[in-house]
Structures are given as C-alpha cells and as structure tokens.
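Trainee: I have just opened this entry and would like to go through it with you. Could we take it one piece at a time?

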Amino acid sequence: MGCQQSQVAPTIHPVFHSREDSDIYWLNLAFRDKSEQTIIRPHELESYLRDPPPQDVDRKLRNRILGSLIGLALGDALGAHVEFRPHQYMVEHPVTDLEGGGTWGLQKGQFTDDTSMALCLAISLIINCDFNLYDQLVRYKWWYKHGYMSSTGQCFDIGSSTRQAINEFERRQHQFAQKNEIRLEDLDLNTGEQIFQNFDVYCGKNDAAGNGALMRLAPVPLFFHRDAKTAVKYSGLSAKTTHGDQKVYDACRFYGALIVAAIRGESKENLLHRDFYEKHQDWFGTTPLHDDVKEIIAGSYKKENGYADGIKGKGYVIDSLKAALWAFWSDGDSFENGVLAAVNLGDDADTTAAIYGQLAGAYYGYKGIRSDWTKQIYAEKFIQCLSKWIVYQGEMWLQQKPSTVIPPKQKF
Ligand SMILES: [Mg+2]
C-alpha cells in the first residue's frame, strides 16, 4: 500500500523553505496562507506524502510499529468524548464504539493532545534521523501555538505541566537568542546545529508527575527498538522536556522497554512477568527504577475487580501506568476489550486508553485491531506513512549511529 498520492494538492506555504527539497519536507510546519494564519492539517498533508526509498520492509515489524501508533490514536479517539467523566458515569453510560461530540465536540475518529504530541515526536525522530530534544520541544511549541499535528487545526487540550514547560521553553529561547545574537525567527530553524546543544532543554518542573509524557512515548521505542539500551535511555529522556519527576522518567523507561520487548515478539507472559526488570537489567543501565515503578512491575496492577480494587484512570503517572497494564493483563487477548476497559475506567479516559494502545498495539499488531475502527481514525493514511518512515529511518539511524549529544540530565 503505497502512500504516494496523485490528487492535486493545495498550495502550501512552508515556513522553512530550505527543507523543501527533501522527501519529507511536508513534515515541517506549513500554512495554507502567506500570512501564516491557517495551518495545513495532517489529513491535508496526505496529498504530499512520499514513501521512503524502496527496501525490503519486514512486514511483521511494520505491523507492530503501525499497530502501536494506531493503537495510541485509537485509544485517544475512543476516550476523547468522555474525557474527565467520573467512573460512575461510565458505569451508567459505557463506551462501546467510536463516537463524536462530548467533552471536546470532536468528530468521530479525531484525536487529542496525546496523539498530536506523539506525532510531533515521531516526526522529529524521522526528520533528524536522531534524538534531538531541542527539536522535539520546537515541534511541541508549534502544536501549542499553531495547532501543528492537531486533528482540528488548533491545540485545544493541553496538560498544565506541558503548558508550563512549553512556556518555559519559549522564555529560554528568547534568552538564548539574546545571549547568542541569533534572530528570534531563526530559533526554530536548523535545530541540529551545534549551538543548540548548549540549550537547557529540561523545561519540566521537578515535581511534574502527570501522565503527559507517557501518553506520547511510543515513537521513541518504535524508532530505537533495534538498540534496546538506547531505546530505554531515550524513553526516559523524552519525558524530561516537559516532566521533571523521577517517577515519570522511570515509568517511561519501563514502558519503553515493554514496547521494545513487544516489538521483538516477547510473549505476554514475559512482558507481564514480575522478573521482567531483572531479566532485562542490561537495558536499564546503572540507575535503578523508582520504587513506585518497581511495585507495579511486581504486579500491583493485577486486580481481578479493576476499579473496585483501586485501579484508576487518573492523571498521575503511576495511576496511569497501573491502569494501562491492568487493561493489557485482563483484556483476554483482545485489543477491543482492553481499550474499552481502559476508557471505561473514566477520568483521564483518552490518555489511559492511549497508553494501553501503545503497548497493546505493538503486541497485537495493526492486523489485530478492528479494521472498522482503524479506518475511521483521523488522518490514518498520514499515520500509516509515518510508520513506514519510522521503520526506514530507524534502520538508517542504526547504520549511521550519530554521536548524539544529550545535554547533561538533571539530578534527582
Ligand atoms: Mg488527551
């Protein structure tokens, strides 16, 4: 299924003309009008899609990578219209299918911040063919300010820690421009340049312990899965641009490791085994996981009675991790069962389901997800094309292994 499109595309006004000649220029910020008022939305970009160069694509791998991205978007879209509804409401009005309206008044299949941020992260990895935290923040800022990668063209759903971090990033950009005599308008350009390696990218507050980094995580383990140690390290670091709490860092390291293991075809029994951390110790380096994450690995989410036994779809990262794993553990080998169980916990329904979808989608694969649902996801062709680029560029990264400079991490 090629993603080359033949229909006539509307004129677009890319902000960064220097990148226009590449196969993936369409992944950068672009507007419909010269006055830069109306952004080009993901479904409109479907007219510009280009496949990566021909190669022998490992179909199994592609099925899992696409499954994880689509699983994330589908969980988000299934839960969006009931976001913030308490559990009791869900007991009385359980979600059984994709629906529009509700909390955000979206159309059926449209997604929220979880997927928009994950797409920003995926695109950053693809365009840079590397892990560039500064560039990741630039794209989150585009989403916040211009609606880049939004399903509606606007940023309408943003967590408080993420908002604070992006505002802080912008403040630091201004300071950085003054200090280094760079024009403000050039700060989002050529983000791979050496000067940006001196930028303090850790904009998350030390006590920011929400689920806003875990909800967007998947592209990191999907891109770096061939090198598990790097995948786990970058999974943790990807959180720290917006969330500085160690529990977030470690929840993302652990969940990144699970997604890598799922892509590699490990059994569910192995993934959910209490010895998973010990058995993959070499993936985690020398910094031990936080005790609250270790408790989850030991099986604190394995509760037959779900919500009644303390499983909650709340915004705190430990609650979210626990809830997503509970849904995976109890789904009876059905993505549909698990994603609906995650949504029907209530509260932060879209995010619990998006977190579940990242792992379950990698495990069951795209083909294991209901096709009548996947077809309805907003900009599904665009996400399909991105997943091909993740497979292709991830392999390129492995062959070239750039000597990425990561700014020193904060001490906990
Ligand atoms: Mg959301």
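Trainee: Is α2 mostly covered or mostly open, and how many of its residues are buried?
Mentor: Helix α2 is mostly covered, with 17 of its 21 residues buried. Please keep in mind throughout that this is a predicted model.

Trainee: What span should α2 have, and how far apart are its end C-alpha atoms?
Mentor: At 1.5 Å a residue, the 21 residues of α2 should span 30 Å. The C-alpha atoms at its ends are 29 Å apart, which agrees with that expectation.

Trainee: At what angle do α2 and α14 cross?
Mentor: The axes of α2, residues 59–79, and α14, residues 335–343, cross at roughly 45° and come within 10 Å. That angle makes α2 oblique to α14.

Trainee: Is that crossing of α2 and α14 left-handed or right-handed?
Mentor: The crossing of α2 and α14 is right-handed.

Trainee: Which residues meet there, in α2 and in α14?
Mentor: On the α2 side they are Gly 71, Leu 74, Gly 75, Leu 78 and Gly 79. They meet Phe 335, Val 339, Ala 342 and Val 343 of α14. By class, this contact of α2 with α14 has 6 nonpolar residues, 3 polar and no charged.

Trainee: And how do α2 and α9 pack?
Mentor: Helices α2 and α9 pack at an angle of about 145°, and their axes are 10 Å apart. Leu 61, Arg 64, Ile 65 and Ser 68 of α2 make the contact with Ile 259, Ala 262 and Ile 263 of α9. The contact of α2 with α9 has 5 nonpolar residues, 1 polar and 1 charged.

Trainee: Staying with α9, what about its packing with α13?
Mentor: The axes of α9 and α13 are 9 Å apart, and the two helices pack at an angle of about 20°. They are therefore roughly parallel to each other, and α9 passes α13 in a left-handed crossing.

Trainee: Which residues of α9 and α13 meet?
Mentor: Lys 247, Val 248, Ala 251 and Tyr 255 in α9 meet Val 317, Ile 318 and Leu 321 in α13. This contact of α9 with α13 has 6 nonpolar residues, no polar ones and 1 charged.

Trainee: How many residues does α13 have, and how far does it reach?
Mentor: Helix α13 covers residues 317–329, which is 13 residues. From first C-alpha to last it reaches 18 Å, close to the 18 Å expected at 1.5 Å a residue.

Trainee: How many of the residues of α13 are buried?
Mentor: In α13, 12 of the 13 residues are buried, so the helix is largely enclosed by the rest of the structure. The buried residues include Asp 319, Lys 322 and Trp 326.

Trainee: What do the buried residues of α13 pack against?
Mentor: They pack against α9, α12, α14 and α15.

Trainee: New topic. Where is Asp 113 found?
Mentor: Asp 113 is found in helix α4, residues 113–128. It counts as buried because it has 27 C-beta neighbours inside 10 Å.

Trainee: Which residues does Asp 113 touch?
Mentor: Leaving out residues up to four places away in sequence, Asp 113 touches Asp 157 and Ile 158. The C-alpha atoms of Asp 113 and Trp 143 are separated by 9.0 Å, with the two residues 30 apart along the chain.

Trainee: What about Leu 271: where is it found?
Mentor: Leu 271 is in helix α10, residues 268–271. It is partly exposed, with 19 other C-beta atoms within 10 Å; 20 or more would count as buried. Not counting residues up to four places away in sequence, Leu 271 touches Leu 258, Ala 261, Ala 262, Glu 266 and Phe 276.

Trainee: Last item, the backbone. What is the phi of Met 149?
Mentor: Met 149 has a positive phi of about 65° although it is not a glycine. Most residues other than glycine have a negative phi. Met 149 lies in the loop between α5 and α6 and counts as buried, with 29 C-beta neighbours inside 10 Å.

Trainee: And Lys 401: what is its phi, and is it buried or exposed?
Mentor: Phi of Lys 401 is near 35°, a positive value in a residue other than glycine. Lys 401 lies in the segment after α17 and counts as exposed, with 11 C-beta neighbours inside 10 Å.

Technical notes:
Residues numbered from 1 in each chain as written. Predicted model: local features only at pLDDT ≥ 70, side-chain atom pairs only at ≥ 80, totals over all residues. Axes fitted to C-alpha atoms, helices over the stretch in contact; angles between N-to-C directions. Helix = DSSP H or I, 4+ residues; strand = E, 2+ residues; numbered from the N terminus. Parallel < 35°, antiparallel > 145°, perpendicular 65-115°, else oblique. Left-handed = near helix turned anticlockwise from the far one by under 90°. Contact = placed C-beta atoms within 7 Å. Nonpolar A, V, L, I, M, F, W, Y, C, P; charged D, E, K, R; others polar. Expected span 1.5 Å × (residues − 1).
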